[in-house]
Amino acid sequence: MASTEPVHLLSVEDEDEREITLWGKVKFFAISSVGFFSEGWINNNLSFILPMIGYLYWNGGSIPTLPQDTIKAGLSIGMIVGQITFGIFGDALGRHKVYGKELAFTLFGTLMIVLMPWNGLSQNGIVGWLTIWRVVTGFGIGGDYPMSGSLTVETKLGMSRAKLVLTSFTLYQCGSLGTAIFYLILIAGYKNQVEANLWNLQYVWRLMLGIGMIPGMLSLYERLTMNETKPYERYVAKETGLARGDHHTRGLNDQFRDFLEYFNFKTAECRRHVVTLTCTSLSWFLFDIAIYGVSLNQSNILAGIGFGTGATKWETLYNTAVGNVIITIFSILGIVISIYLPDVIGRRAQIIGFALLTSLMYAIWAGVQGKTGTGGLMVLFALSQIFLQIGPNACTFLIPAEVFPTRVRGMGHGISAASGKCGALLTAFAFGQLNSTVGLPGALGLFCGVMFLCAVVSWWIPEVRGLTLDDIEHDLQYLARSERLALIKRRRQGQDSDIEINNSSNDKDMVA
């Protein structure tokens, strides 16, 4: 790759594009997005389910902090392992040989949670059951990150990569909204039964999880039978397998060799690759501290600002559901706005700018918490969620899927995502203790600093706006800004795109 020979770069129009109907586009979105929908449904479910589990098995009270944190952490532990595992195998064997297996793990783990024995388990047994099967569920959900991320980037449906990836990713928030609305319907429908006997909450929480499995079950076969992507066949291999075959068959050894050739410290070029992976990983780690600190504890936060409380246990659950619906609607607004910005302002500007705005919102919120009414605090909560979705949430997923070449895209995305879930794991254990020690203002102050650091580390991520997948295969994301813009301008004017790839440029060019 460290060549100075002229290379003809493919224009956007030259890249392979499937001839696909409107129904085909809808079908692709449904198949590729169902994992995000399931994760949004399952993750947002937890903030509703844990209070109900506390009412049912802790004598009408709440689950103690440590067991509650353990249950929350189970999903993140599974996701970390799943993201790395499926990232490796997705690059080694191809997308089509691996895609769909992750969804099977998600469905099985969720089913086992729904089937938790109604009686006969001790409190420790309940914590252990929920934690173990959430690890299995997380393994599947985590695997969906590198698989769906790579698949959507490598598929063309008549729109830009960013729009395709983020439109698919929007289904995460749709899953969150779906479970919040469904919970609201269930808790309203079971009002009389719950007020008469709290044991009827068993039906509510099991139905909530079980309904979320239906979209995944409907799309499982389509995932398992999806074709290989054109970029993988062009840039990596057409024949793959775990069994040792002839020299034309790609396997795990070839994948690890490609990874170590691309990410090492031997040349300036490869060191830039390491810096990029480090920054995508750190930005996602820092972002997940904030986003999971909020999403896993949304019920507690709503109660802290005076919205998720009530005179009875049913009223508390109902008000919490209403608050979650309101906040989730604003989150969807943020992620929808994010779809249109990467091709206008660029990925780096988007993540840095909105990470700083989120940091500012958390600082203001921490300063006025306890001094402002519930309405004002809900506005700050909503604004912080909008900015969080527009910038860090959208870009931490999009950038690792784009910035690495096809042969290491799954691993690069998987490692970045796994780093993020390490942040989620940290906040799953720390938020409860932090909130009980320094209160909500202290937690928000921490999130303020975390989002500022997220903006700082994102500065060293290269920009890929206007570049094709072929450009990225040839490391043109590391061109100086002026050279990259000149290339894009010539391409748009239909001029010759032959350029000299010279990787001896200064490292400072990668941040231009």
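## Cavity beside helix α1

In this predicted model, helix α1 supplies 5 residues to the lining of the second largest cavity, the largest share from any element. The volume of this second largest cavity is about 100 Å³. Helices α5 (123-153) and α9 (201-211), like α1, each provide at least two of its lining residues.

The residues that line the second largest cavity are Ile42, Asn45, Leu46, Ile49, Leu50, Ile71, Ile113, Leu130, Arg134, Trp205 and Leu209. Sorted by class, this lining has 9 nonpolar residues, 1 polar and 1 charged.

## The largest cavity

Across the whole structure, a search finds 6 cavities of 30 Å³ or more. The largest cavity has a volume of about 250 Å³. Its lining comprises 23 residues, and those nearest the centre of the cavity are Tyr172, Gln173, Ile291, Ser295 and Gln389. Two or more lining residues come from each of α1 (22-57), α7, α13 (268-295), α15 and α18 (374-403).

Helix α13 gives the largest share of the lining of the largest cavity, with 7 residues. By class, the lining of the largest cavity has 9 nonpolar, 11 polar and 3 charged residues, whereas the lining of the second largest cavity has 9 nonpolar, 1 polar and 1 charged.

## Packing of α7 against α15

Helices α7 and α15, which both contribute to the lining of the largest cavity, also pack against each other. Helix α7 covers residues 171-189 and helix α15 covers residues 313-338. Their axes lie 9 Å apart, at an angle of about 155 degrees. Because angles over 145 degrees count as roughly antiparallel, α7 is roughly antiparallel to α15. The crossing of the two helices is left-handed.

On the α7 side, the contact is made by Gln173, Cys174, Ser176, Leu177, Ala180, Ile181, Tyr183, Leu184, Ile187 and Ala188. On the α15 side, the contact residues are Trp314, Leu317, Tyr318, Ala321, Val322, Asn324, Val325, Thr328, Ile329, Ser331, Ile332 and Ile335. The contact of α7 with α15 divides into 17 nonpolar and 5 polar residues, with no charged residues.

The contact of α7 with α15 has no charged residues, while the lining of the largest cavity has 3.

Key. Residues numbered from 1 in each chain as written. Predicted model: local features only at pLDDT ≥ 70, side-chain atom pairs only at ≥ 80, totals over all residues. Heavy atoms only, no water. Axes fitted to C-alpha atoms, helices over the stretch in contact; angles between N-to-C directions. Helix = DSSP H or I, 4+ residues; strand = E, 2+ residues; numbered from the N terminus. Parallel < 35°, antiparallel > 145°, perpendicular 65-115°, else oblique. Left-handed = near helix turned anticlockwise from the far one by under 90°. Contact = heavy atoms within 4.5 Å. Nonpolar A, V, L, I, M, F, W, Y, C, P; charged D, E, K, R; others polar. 1 Å grid on protein atoms, 1.4 Å probe; cavity = no way out; pocket = protein on both sides within 12 Å on 5 of 7 lines; lining within 4 Å. Points joined across faces, edges and corners; volume = space filled by probe spheres on them.
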